[in-house]
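Please read the following report beside the sequence and the 3D view. It takes up the sheet, a pair of helices and the ligand site in turn.

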Amino acid sequence: MKYLIANWKMNSIDIQKWKNEFEDHYKEFKDSIEIIVCPNFIDLSECSEKFPNLIIGAQDVSSHSEGSFTGQISAKQLLGASERLKYCIVGHSEARSKGDNNLLVREKSEQLRNNNIEPILCIGENIEVLRKGKRDSFLLEQLNFYFETGLYPKLIAYEPIWAIGTGQAADQKNIIEAFEIISNFLESKKSEKIPLLYGGSVSAENIEEIMSLSNLSGCLVGNSSLDGKEFAKIAQKF
Ligand code: 13P
């Protein structure tokens, strides 16, 4: 199975226009590809109705199940907005930069698991960590903390922060090295196979080169997913 994920982040999308453009350029849905759209909270319900052929994911969830947590949304409430919700992103670097530490990421995942929503765990280093040659230990720390209590994500996305939103995707060597770290870690945990995804400036221009990597199961796409036609072009080349 391959996974193509649109992370719309906090961008305003004309959902009907996106749908028309996507469907004009992507006609043959395949059972071997899950195309997952992650809109913001308020668009979850409209996306669920409008995209019967796509899988629905959320971008974030509270680490609590109920109560006095102003501004937060529980896993149960996510399901209330979309019964078809299957996934939720956790540990995205944009959320980590606003305070989501490893513990919070794990607590959020526990909430998701309790509600049968599959966590998509994002990990990735920033440019300083990379330059200092500390990428491998950094990734292992994020993974170790997450898996410590026996929790498993459904998908793992390697998203180097230095490649996100820059227009410059990581090169194959970097992705291969990071995947090797993750794969070895999973092997050491005797984990079942968890699909590995890449995210960071994926576009219709570079998708074929990225997808040619042998142990890559898919991509998380930010900017290039905001336009239905562009995202369809990526899906077409998948
Ligand atoms: P870009 O595709 O805009 O680099 O964003 C990647 C990302 O953060 C997906 O979660």
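## Strands and barrel

Strand 5 (residues 118–123) and strand 6 (residues 155–158) run parallel and are joined by four bridges, with I120 standing opposite L155 of strand 6. Eight strands close into a barrel in the order 1-2-3-4-5-6-7-8, with parallel pairing (two strands pair if DSSP finds at least two bridges between them; strands are DSSP runs of E with at least two residues, helices runs of H or I with at least four, numbered from the N terminus). Neighbouring strands of this sheet are turned by 25° against each other on average, direction ignored.

This is a predicted model, in which local features need pLDDT of at least 70 and side-chain atom pairs count only at pLDDT 80 or more, whereas totals for chains, interfaces and linings use all residues. Residues are numbered from 1 along each chain as its sequence is written.

## Helix 5 against helix 7

Helix 5 (residues 102–114) packs with helix 7 (residues 135–147) at an angle of about 40°, their axes 9 Å apart (axes are lines fitted to C-alpha atoms, for helices over the stretch in contact, and angles run from 0 to 180 degrees between N-to-C directions). N102, V105 and R106 of helix 5 make the contact with Q142, F145 and Y146 of helix 7 (C-beta atoms, placed from the backbone, within 7 Å).

## Ligand surroundings

Of the 14 residues around the ligand (C-beta atom, placed from the backbone, within 6 Å), N7, G199, L220, G222 and N223 come nearest.

Note on methods
Two residues are in contact if their C-beta atoms, placed from the backbone, lie within 7 Å.
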